[in-house]
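Please open the model in a viewer and follow the selections below in order.

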Amino acid sequence: MRAAAKGLAVTGVLVFTLFPVYLMIVTALNGEANAGSRTLWPDEWTLDNFAYVVTEGGFGRYLTNSLTVALATVLAGALLALLAAVAVARFRFRFRTSVLVMVLIIQMVPVEALVIPLFIQARTMAMLDTLAGLVVVYLAFSLPFAIWTLRGFVAAVPVELEEAAYLDGASWGRMFRSVLLPLVAPGLVATSVFSFIVAWNEFIFALTFMSDDQNYTVAVGLRRFFGQHATDWGAVMAASTLITIPVMVFFVIAQKRLTDGLVAGAVKG
Amino acid sequence: MTVAERTDVDLGVAPPAPRRPCRRAGAARPWLLLAPALLVMGGLLLYPLLRVLALSLQDFGLRELVSGRTKWVGFDNYAELLGNADLWATVLPNTVVFAVVAVALTVVFGTLVALLLARLTPLVRGLVTTAIMVAWAMPAVTGTYVWVFVFTPGDGIAVQALDALGLLDAATANPFSNRLSFYAVAALNVVHHGFPFVALTVLAGLLTIPRELTEAAIVDGAGPWRRFWSLTFPMLRPVFAVVTVLSTIWDFKVFTQIYLMPGGDGVNRNVLTLGTWSYVESFAQNRYGLGAAIAVLLTALLLVVTVAYLRLLFRDEEL
């Protein structure tokens, strides 16, 4: 491939990937006079939109709710997924393949099929309008992928290291903590980022389960800036920027581990 | 190769006797480790799936929701669903054609980007990879709002640009009212959000192919097209299978991106998908039974796709 063609292709990819992000941030920083106007370069720059969504838009509350739900999902998910990944990567047992196939198949279940029965269930259990109700649902959503990915990381740890620990007289629990855990830590980072994003971005369940606007998460809270006839695009984009930036920072930090994990999950086992 | 074999041979220690009780504990251990995850997934993914199947055979409305009574109606919901002309003329084509096109675009574009990335210097590759990560990290909700903003009738940037090119009249055109343009915007959104996964996964696979193989192919006179189909594709078959399966599953059940577009929440019945239709019937009309039947149809479709791909994926491979 010639250098010029390569440069052109790289530019194209950069523009396509970054354009929505650029437009989001620029619109968020657009001065009030221009709020909602469609321009690639505003005449007047301001932080007013951010100040508005955080102070008057009630968005601070939604950020706290989302953060609580996401962190709880990540912590519980990492623990459960690691235990399950060790089971499928390290032990040969009856129905092992069935468990793996089930983990893979479960990812295909559409949320639309789950939201109806879980809404009815949550209603009878008085779990509607609670953050805990969302946490358990998001935990279930993030587990299959986390198990599948961690499986590759656990399998990549040489069995010889574990044997050596046994020979040195370490118990299984000791081996787990001192040998396995440090080596699969990158995998845990990758799956934690993934679980965080599942919980942070989820929309349907948050929309269906939460009726009191005090309990909204960020994804649902954004809707308050859409009026019946007009949309406060400056506020929407400022709030969107606040939602998106933390996720992007996470992603970029974890990128190497995330992609390695995907490949490990895909080809090892 | 078992653990015992190796230690015996290599080190001459670890007599088999004390391992015995250990091994019996070992039979239960994987299940103990799996138990918490299986309980959560069983209770929140599998059980609701059975429940939705049961609901699809009931007349379940607001009254049943409040009282908790059940009213079985057999296959009435399915009869109504399959007898609905909208299903065949609108909803099913919207769902299936959109998914097929979106998957094809996502996988082809993602693979092309991966092949490009593999040819870049590490510095430029790192830069582009970061940009791609940023697109991937953009939440579906905010991504959708930005694309809606871009295509807003009248003064959206894309609408203005298309007007300037003479392709439409910004004063009258509404990209969201027409079925085809609605889904064109949706496809743009879904590809933007979905191609990074394909690109980065395929790239990671490409980097595992030994250089010597590629060089040998070049020496043998194979062009890029030939090299891709004779070398890269066969070697990365599992990777391609996984990205295609997952993209298919994701694109078939795209919900948020459609629901949040103007008219996508059921207002414009021309752009309904199985997913949004099921949701609207349930939560806007309080017809949970019919909504469940639609959801079951969608799940059945996905199950067929998933099983077909799983067979492809694990045809000659042990899990």
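Begin by colouring chain A by secondary structure: from the N terminus on, its elements run α-α-α-α-α-α-α-α-α-α-α, giving 11 helices and zero strands. Helices (H or I, at least four residues) and strands (E, at least two) are DSSP runs, numbered from the N terminus. Along its principal axes, the C-alpha trace of chain A spans about 75 × 65 × 30 Å.

This is a predicted model, in which local features need pLDDT of at least 70 and side-chain atom pairs count only at pLDDT 80 or more, while totals for chains, interfaces and linings use all residues. Residues are numbered from 1 along each chain as its sequence is written, chains are lettered from A and ligands numbered from 1 in the order in which they are written, and side-chain values use heavy atoms, with hydrogens and water left out.

Next, display chains A and B together. Here 98 residues of chain A are in contact with 95 residues of chain B (contact means heavy atoms within 4.5 Å). The area buried between chain A and chain B is about 8,600 Å², with carbon and sulfur atoms giving 83% of that area; buried area is the accessible area (1.4 Å probe) that two parts lose on being put together, summed over both. Across this interface the rule finds zero salt bridges, a salt bridge being a side-chain nitrogen of Lys or Arg within 4 Å of a carboxyl oxygen of Asp or Glu. Select helix α11 (residues 233-267) of chain A, which gives the most to the side of chain A that touches chain B, with 17 residues. By class, that side of chain A has 72 nonpolar, 15 polar and 11 charged residues (Ala, Val, Leu, Ile, Met, Phe, Trp, Tyr, Cys and Pro count as nonpolar, Asp, Glu, Lys and Arg as charged, and the others, Gly among them, as polar).

Now select helix α1 (residues 3-28) of chain A and helix α7 (residues 140-150) of chain B. In α1(A), Phe19(A), Pro20(A), Leu23(A), Met24(A) and Thr27(A) meet Val146(B), Trp147(B), Phe149(B) and Val150(B) in α7(B). The residues of this contact divide into eight nonpolar, one polar and no charged.

Finally, select Asp59(B) and Lys71(B), whose side chains meet in a salt bridge (3.4 Å, N to O). Asp59(B) lies in the loop between α2 (19-55) and α3 (62-67) of chain B, and Lys71(B) in the loop between α3 and α4 (76-82) of chain B, so the pair ties together parts that are 12 residues apart in sequence.
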